[in-house]
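Biologist: Could you show me how to read this structure, one feature at a time? I would like the general idea first and then the case at hand.

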Amino acid sequence: MFKLAKSMNENQSVFSPIKVGNTIYKNRIILAPQKPRNCAISRTFIHEEMEFWRKFAQGGAACLTIGATPVNPLPDGKGRDGNIPVHDDSCLVPLSRFADMTHMYGCKASIELCAYDKPGSSKEQLVEIVPDAVTVDEIRAYVKNFADAAERCVIAGMDAIVIHGAHGHFPAAFFSKAMNKRTDEFGADTLENRARVADMILDAIRERVGRKIVVEWRLSINDMYPGSPTFDEIVWFVRHIQDRVDIVHVSRGLHRLPSHERFLFTPIYTPRGINLKDAAALKEQVSVLVCAVGGITIELAEEYISTGKLDFVAMARELYADPDLPRKAKAGRKDEIRPCVRCNACINNTHVHRMPAYCAVNVNNNREVLFDTFPKPAHSRHVAVVGGGPAGMEAARTAAMRGHKVTLFEKSDALGGMLKYASVPWFKKDIKDYLDWAVRMTQRDPNITVKLNSEANAELLKAEGFDTVIVANGGTPIMPGFLQGKANVAW
Ligand SMILES: Cc1cc2nc3c(=O)[nH]c(=O)nc-3n(C[C@H](O)[C@H](O)[C@H](O)COP(=O)(O)O)c2cc1C
Ligand code: SF4
């Protein structure tokens, strides 16, 4: 039986290079498609955007994928805010800068291409473009948009494109009998007709750019919706397109259904690696390289890559939480990887609040330039941190990282504060992993002295001559008045 290696190093399968199309990926970890909304992705690819992406390239991922980018312009010919305008040549500067940067780190540059519906489309619709609502001429126009965008990607020096055929996007909607009610040659009566849009996109791209670029196809292995394509139909589909694509990338669900967040961005309450088994089952039946996404840790990645069940893993949030994940694992420093707690604060920020994708455990994510340009301290100070919960530990590590000498006072006999209690239920294992990481990294920092069972007070802090005191003693739980004194309320 396969035994999972306890420690990792450069010899793990996940770090082995692999030929993809006409190029070589240096390892098996792809930064999954995402758009951080750190600012409107601009025509010039400004410094802030560059630094957001650079840390992933520096961190050792094999390929970085810019998220869903519409190939079709708005009806007035303009692009959509926050997207690289792949529908016209003004995308060439940002794309080439992105590609140049990734190549400096031996990393591949990729972008996910999709077609968006016209503005004002119904909020109720479950798919991006409703098959019945488009004419054949409109389908042909979208297909041409894909080929035009692919050609621009080649000119700009991009290594790969991902066709968004997952989550109810354009080709996926046509392949789904639940969404496609047409009766013409694009209709749902035969598999060939359902796959016709995908065929047209791939044929147009390959005709235009040949094999000059890696083509990855993202699909939902299951739409998790009544009437979705079955597993066997997905196998048929992948066999049907596999000569024209280099990687098939397995995700799940429909992105317009809010309840599907739990499939697209699996939260803490759900098992990790939601798509691994299905992707491995798919790989057994097809000849193309297969990648899976969805809550995949480095251990799961190694398990599936080393046993040949998968060729790639894609990670988004794991790399938000720690962009150095590949580099640390490769160097045998797996225990330093800051785990993602799958709280989905990042998604909530981008998709609900239209804010940058800030991360709950990695304050640096999307603030790279802010912090990098913040002046270094002129002198090392003696800093006291009062309270050893998550905030106190973070403050202590940050101060130590900036060159200060830190003493951390914790009045109980263990670090962790409220996280000690929050991480008890079995379904909060991600929190436990984060807590263990935070305690480990705090305790091993040579610039931090941890004093447990030590209650700090003003006299003590004055007597020890600290330059700065950070109070991080947390909050006190309150019981709302209307619950107080009730016999059946536990607090
Ligand atoms: C902030 C954010 C934005 C995302 N945007 C996209 C996107 O534009 N296109 C897409 O196909 N997936 C997008 N995703 C989904 C990821 O590609 C990935 O499938 C998902 O996060 C699950 O992988 P993970 O558990 O490694 O995060 C996004 C994810 C995040 C966190
Ligand atoms: S915000 Fe939460 S879910 Fe998103 S990357 Fe950070 S820890 Fe993970």
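Modeller: Gladly. A nonpolar core is a set of buried Ala, Val, Leu, Ile, Met, Phe, Trp, Tyr and Cys residues joined through side-chain atoms within 4.5 Å. Buried means under 20% relative accessible area, exposed over 50%, and partly exposed in between (1.4 Å probe, protein chains only). This is a predicted model, where local features need pLDDT of at least 70 and side-chain atom pairs count only at pLDDT 80 or more, while totals for chains, interfaces and linings use all residues. Residues are numbered from 1 along each chain as its sequence is written, chains are lettered from A and ligands numbered from 1 in the order in which they are written, and side-chain values use heavy atoms, leaving out hydrogens and water.

Biologist: Which residues touch the most other members of the largest nonpolar core?

Modeller: They are Leu-64, Ile-161 and Phe-170, in a core of 90 residues. Helix H3 (residues 136-156) gives the most to this core, nine residues; helices (H or I, at least four residues) and strands (E, at least two) are DSSP runs, numbered from the N terminus. Another core, of 24 residues, lies apart from it and includes Cys-359 and Met-441.

Biologist: What is Leu-64 in contact with, beyond its neighbours within four places in sequence?

Modeller: Contact means heavy atoms within 4.5 Å. Among the partners of Leu-64 are Leu-31, Trp-53, Phe-56 and Phe-98.

Biologist: And how do I read a helix?

Modeller: An α-helix has 3.6 residues a turn, so residues three or four places apart point the same way. In helix H7 (residues 231-241), the buried residues are Glu-233, Ile-234, Val-235, Phe-237, Val-238 and Ile-241. Their cover includes helix H6 (196-209) and strand E7 (214-220).

Biologist: How many residues surround ligand 1?

Modeller: A residue is near a molecule if one of its heavy atoms lies within 4 Å of it. Here 22 residues surround ligand 1, divided into ten nonpolar, eight polar and four charged.

Biologist: Which polar atoms approach the ligand?

Modeller: A polar contact is a pair of N or O atoms within 3.5 Å. A polar backbone atom of Pro-33 is 2.6 Å from an oxygen atom of ligand 1, and a polar side-chain atom of Arg-317 lies 2.7 Å from an oxygen atom of the ligand.

Notes
A polar contact is a pair of N or O atoms within 3.5 Å; within protein, one must be able to donate a hydrogen and the other to accept it, and residues adjacent in sequence count only if both atoms are side-chain atoms. Ala, Val, Leu, Ile, Met, Phe, Trp, Tyr, Cys and Pro count as nonpolar, Asp, Glu, Lys and Arg as charged, and the others, Gly among them, as polar.
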